[in-house]
Amino acid sequence: MTALGFGERGWGPALLYGAVMTVLVSIAGLAIGAALGSLVAWAKLSGVRIAAAIGGGYAAIFRGLPELLVVYFVYFGSSATLTGLDHLLGGEGFLGVPGFAAGALAVGVISGSYQAEVFRGAFLAIAKGELEAARAVGMGRWLMFRRIIGPQVLRFALPGLGNLWQVALKDSSLISVTGLAELMRTSQVAAGSTHQPFTFYVAGGALYLAITSISDRVFEFAEARATRGMRREAH
Amino acid sequence: MNRRSLLGAALTCSLLVLAGAASAKDWKTVVIGMEGAYEPYNLTDPSGKIVGFEPDLAMDVCARIKVECKIIAQDWDGMIPGLQAGKFDVIMDGMSITDERKKQIDFSVPYASVPAALATAKSSPLAKLAGAGKLVNFDKDKAVGAAALASLREALKGKTLGVQVSTTHATFAGDHLKDVATIKEYKTTDERDLDLKSGRIDAVLDDETAIASMLGKDDAKDFTEFGPRLTGGDFGVGVGMGIRKSDADLTAKFDKAIKAAFADGSIKKYSLKWFKIDTTP
Amino acid sequence: MDLAFIWTTFLRLIAALQVTLSVWALSVFFGAFIAAGVTWMRGSGIKPAEWIARAYIFVFRGAPLLVQLFVVYYGLSSFPLVRASVFWPFLRDAFNCATLSCALCTAAYQSEIFRGALAGVPHGQVEAARACGMSGFLLFRRVIFPIALRQALPAYSTEVISMVKATALVSLVTLWDVMSVALKIRNDTLVTYTPLLIAGAIYFVVNYLIARAFIFIEQWLSPHLRARSA
């Protein structure tokens, strides 16, 4: 147990730091993903074929590729670009994109391709009649989005987004190649250095559960508020 | 392309050439990549510092060639891309020198070589295999090697042997034992040892230092080493530093330093400290 | 471009595809049944059942799959009680453990998708059905299920494809799927990108085919919802 503790030989602080890193990079990734995802969903729903094709292509590529590969290519690709720019300005050696930024970008790019589907499904779930009524009353597109589409998409998308938050958390465990000391990497380093794999896998798992528990509460609260006044059947 | 951007491109190219040329000649700092999770070659202590046999050796040889060495942690999957991209200049991670790998990168002279050993449950018939503890070198004595291999194959018939993936042990098992025994490959030795203890596999093949370290733990009371200790042949010449092919001058420098470190007994000192045995190849 | 190397790598990876697809197919299939059960328990109104379902979803969504695989394969086998039990012949085998663990994991995700889909069924439709005298199983079969199914499809296709990629973790328990073999080739030969690119292409093709299949199903089931725009 001392291995987990906060003493001199204890890995407690390192694991907690890893947990914090995991949460931060997942939030950043989810945010990037939300921006990309809503763009793609809008492109696909817009009816403009080129936009739909591009959006579809992006989604297909990043949903189809293993996450590990995306992380590699994002990290080494962006680092190579940065190094190239640096050399242009007279520097030498290797300039790496900071682990956190590369990790968040990779998680975000992957998450965005999934969030597009969630947003699209949520949009399609809005009762057609409401949109027709809004148009009949003369609501402009922005007003319609703000008063009707936006809130409802959020309501229907929340369970799906809750799922995708979990996915972002899991994807964040694959970014160790960027060097960021997040929770999974810290657990594995500790396991290898102390020859106690069971202890550290379970400890890491317990910390992930703790993060999940807290974020579950947050999502439940959000869902309850967002579906105020909606009657739900068959749940 | 107008004249301005052509000029810019020309300037860029010349800068790149200069930058490239400059870095090839003048080694002031060398960045070394290690996992920090491969005890006792390298491991991380809770404060985040990387310690072990290889960090000690690295500090030693870098001082000899008068460069400043920076050690950075990198997980194994990102190790090779990191080297190729220039994130670091040297890999030191218990990496065995093999002909296959030499096609892609250069290696320094080996700085450690640990014979392989086998372990099994005390209650297993394997524990009684003849020739226990004898060192068999497949390169130096082919006849003895062939005999030892034959008796090993006979003993392992129908059994399951566990090895770590992408090691010389895995290569040896794949080349010589695959047709008589079931070979199970594991990502880490800890996981393989767990399966030995639960009875999923009958025997394990690994560095003898790793075997000794496993047997030294409390929960390994019912297990023992068996059979000969193996070296040479598939097991290669040992572990070396991985360096980009384009940095042959750096490889030469480190070779000199490593040889000097052997000569004055420094490497033996580090190896006794971390491996508890002398791992000089 | 070493074409011979590319070709042999490709063949080795295709051979490993069988492992990937069998673990994937079996875990998604059995996971669906487990998920249906869990979703029913969650919404049943029976307090103990609800509590168990929520705990199940919490653990299997919250813990990384890597940890789950580790516990199912290595953790369970470390108990002498398990080794002596009737389950041991099943749990002894790596493939069984990996499939079981993946099924349990995907069931938690699928259960949440089912829940979201059921919640999205418009109340008005159910009211109308009840007014016509439908109730119980008939109501579920004719009204709730079809609507929920269509709403679940986008998120469900996501989960199914995620599972294909999740199988890349089974090398932890000695199963060698496409990604693991690619990484192994990479570690043996130190050729950095080629094995990964080939593996990526294989995964991409498989996932693309699955995605297209789902789009086809979606459009076949909901022709009236096609080409909706804001």
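**Note on the predicted model: chains B and C**

1. Helices here are DSSP runs of H or I with at least four residues, strands are runs of E with at least two, and both are numbered from the N terminus; residues are in contact if their C-beta atoms, placed from the backbone, lie within 7 Å.

2. This is a predicted model, in which local features need pLDDT of at least 70 and side-chain atom pairs count only at pLDDT 80 or more, whereas totals for chains, interfaces and linings use all residues. Residues are numbered from 1 along each chain as its sequence is written, while chains are lettered from A and ligands numbered from 1 in the order in which they are written.

3. As to confidence, the model scores ipTM 0.76 and pTM 0.79. Chain C averages a pLDDT (the predictor's confidence in each residue, from 0 to 100) of 87, and 97% of its residues score at least 70. Within chain C, the highest confidence is in H1(C), at 93, and the lowest is in helix H4 (residues 80–84), at a mean of 81.

4. Chain B is divided into domain 1 (3–113 + 237–275) and domain 2 (116–235), with bounds that come from an automatic or database domain assignment. Taken over C-alpha atoms, the centres of these two domains of chain B are separated by 31 Å.

5. In chain B, strand E1 (residues 29–34) runs parallel to strand E5 (residues 68–73), to which 6 bridges join it, and Thr29(B) stands opposite Glu68(B) in E5(B). Strands pair if DSSP finds at least two bridges between them. E1(B) also pairs in the parallel sense with strand E6 (residues 90–91) of chain B over 2 bridges, where Ile32(B) has Val90(B) as its bridge partner.

6. An open sheet of 3 strands in chain B has the order E2-E3-E4 with antiparallel pairing; its edge strands, E2 (37–38) and E4 (50–51), each pair on one side only. E2(B) and strand E3 (residues 42–44) of chain B share 2 bridges in the antiparallel sense, and Tyr38(B) has Asn42(B) in E3(B) as its bridge partner.
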